[in-house]
Protein chains: 2
Amino acid sequence: MYSYEYPRPSVTVDCVIFAWDSENSDLKVLLIERAHNPFAGSWAFPGGFVDMDEDLETAARRELEEETGMNDLFMEQLFTFGAPNRDPRGRVISVAYYALVSLAHHADQIKAASDAADTQWVSVKELSELELAFDHKEVMKIALERLRGKVRYQPIGFELLPEKFPLSQLQILYEQVLGMTLDKRNFRRKILKTKLVLPLDEYQQNVSHRAAQLYKFDKDTYEQLVKEGFVFEI
Amino acid sequence: MYSYEYPRPSVTVDCVIFAWDSENSDLKVLLIERAHNPFAGSWAFPGGFVDMDEDLETAARRELEEETGMNDLFMEQLFTFGAPNRDPRGRVISVAYYALVSLAHHADQIKAASDAADTQWVSVKELSELELAFDHKEVMKIALERLRGKVRYQPIGFELLPEKFPLSQLQILYEQVLGMTLDKRNFRRKILKTKLVLPLDEYQQNVSHRAAQLYKFDKDTYEQLVKEGFVFEI
DNA sequence: GCAAAAGTGTTTGCGCTACACCCATGA
DNA sequence: TCATGGGTGTAGCGCAAACACTTTTGC
């Protein structure tokens, strides 16, 4: 037992994992079906309590690894949710993070863990049909707004793609996330002009049409350019 | 006494109050000299513990009112700081907020309160000379980055000005916050084109040169335009 | 009349947009 | 040979940047 002079809230971390499904050109998030109450049977973002000697982001990464087996993702703090009644068990403040991965690269890493009866990737378009636990609907809304806002001004779209990708995939990703269509020629010109994507001597395989050239994001160049005052923008 | 099966962190809120000092064309933040340990004598952002039945933002506004007498400010969540050793008293997680005010409008509201031996507005340029408590140096850094980033894409600059202001003040504010000079004619054209600032039939008073026309930010029009897909940008 | 800041237009060039066809590949 | 997506160039327009002088006011 731990005793304190004043009452204290519990603190948890929750992770919104966005994954880009290249095959279906679809943005998905990872949900876990809650095995226990509260909200047993509802879907929730992976998360859990913060250890006392553990940094917040460390906690988020640990929970993620425990519940899904995924590690070493791009991850940023999203928002802290602290409405007094957001958890029926009592005062629970949740520090939410969001992460970006390529589905192809990570889907196979997923494993069900102790307190997860089931795990699924859900298209963000179909999310409204699911019942989410706690205030996770609100969390989702904030996460999507953040992703949409951030993708324009920072090259985080690449985090959703495999290391090597054709430019068409990048374009479709942007079109889906931003909810608009983009002109193919203009898009390519813009992206290539930045010098942030390097053409490789590799091509798509096993496609029943002309194979597209593959590119990769050049993080080193990006960081170099940022130092010189470069601002990424789509 | 309150007892729990597992240990729990304390949760605090801290507020970075940015104020625009029109007279000196200077961006300032509010600091409170700590009267008690830890960090007695150091300067810190106003803040305190979150009550158990209180929303996070409500807590931030309450602490602000208690310590400075200011209320009803523009305020947004900034970041949550949770490094295990950021507070020598134990595990304390701090949800930081930032607020924007006009110094002329609020400076007189400031009052010293119970746990504040002293209170001062410090120019952000002089902050490096002061010793800040806890991890508030880091908090300050993040707050400035946020302000600089956000001021370009959202009309929050107006929150730093009095209700009625000359365009030259707005320009100087942007120049200071963004750290660049702007062309007067281009700036005026750009601002006026958006229709977000309304010219008033009022003019500066008590200036020893031609009096500038005053303008005000038109929040209603802004919200209307946002609904139509308008994106503010400087 | 002088100091100090307010206010005002035009030109130029770059960047963004719009737009359609041929190519390579596998089935 | 057909279907599928890959890949490419140009013209025109609008917007942003560069730039300097006159006006008003108080002292």
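What share of the contacts in chain A with a separation of 6 or more comes from residues 24 or more positions apart? The share is 65%, where contact means heavy atoms within 4.5 Å.

First, some ground rules. This is a predicted model, where local features need pLDDT of at least 70, side-chain atom pairs count only at pLDDT 80 or more, and totals for chains, interfaces and linings use all residues. Residues are numbered from 1 along each chain as its sequence is written, chains are lettered from A and ligands numbered from 1 in the order in which they are written, and side-chain values use heavy atoms, leaving out hydrogens and water.

**Chain A at a glance**

| Property | Value |
|---|---|
| C-alpha span along the principal axes | about 65 × 40 × 30 Å |
| Accessible surface (Shrake-Rupley, 1.4 Å probe) | about 11800 Å² |
| Distance between the centres of the positive and negative side chains | 8 Å |

Chain A is built from six helices and 11 strands, which are DSSP runs (helices H or I, at least four residues; strands E, at least two). Its radius of gyration, taken over C-alpha atoms, is 20 Å, close to the 17 Å from the globule rule for 234 residues, so chain A is as compact as a globular protein of that length. That rule is 2.2 Å times the number of residues to the power 0.38.

As for burial, 51% of the 234 residues of chain A count as buried, meaning under 20% relative accessible area (1.4 Å probe, protein chains only).

Methods. Buried < 20%, exposed > 50% of the residue type's maximum accessible area, 1.4 Å probe, protein only. Lys, Arg positive; Asp, Glu negative; His and termini not counted. Charge placed at Lys NZ, Arg CZ, Asp CG, Glu CD.
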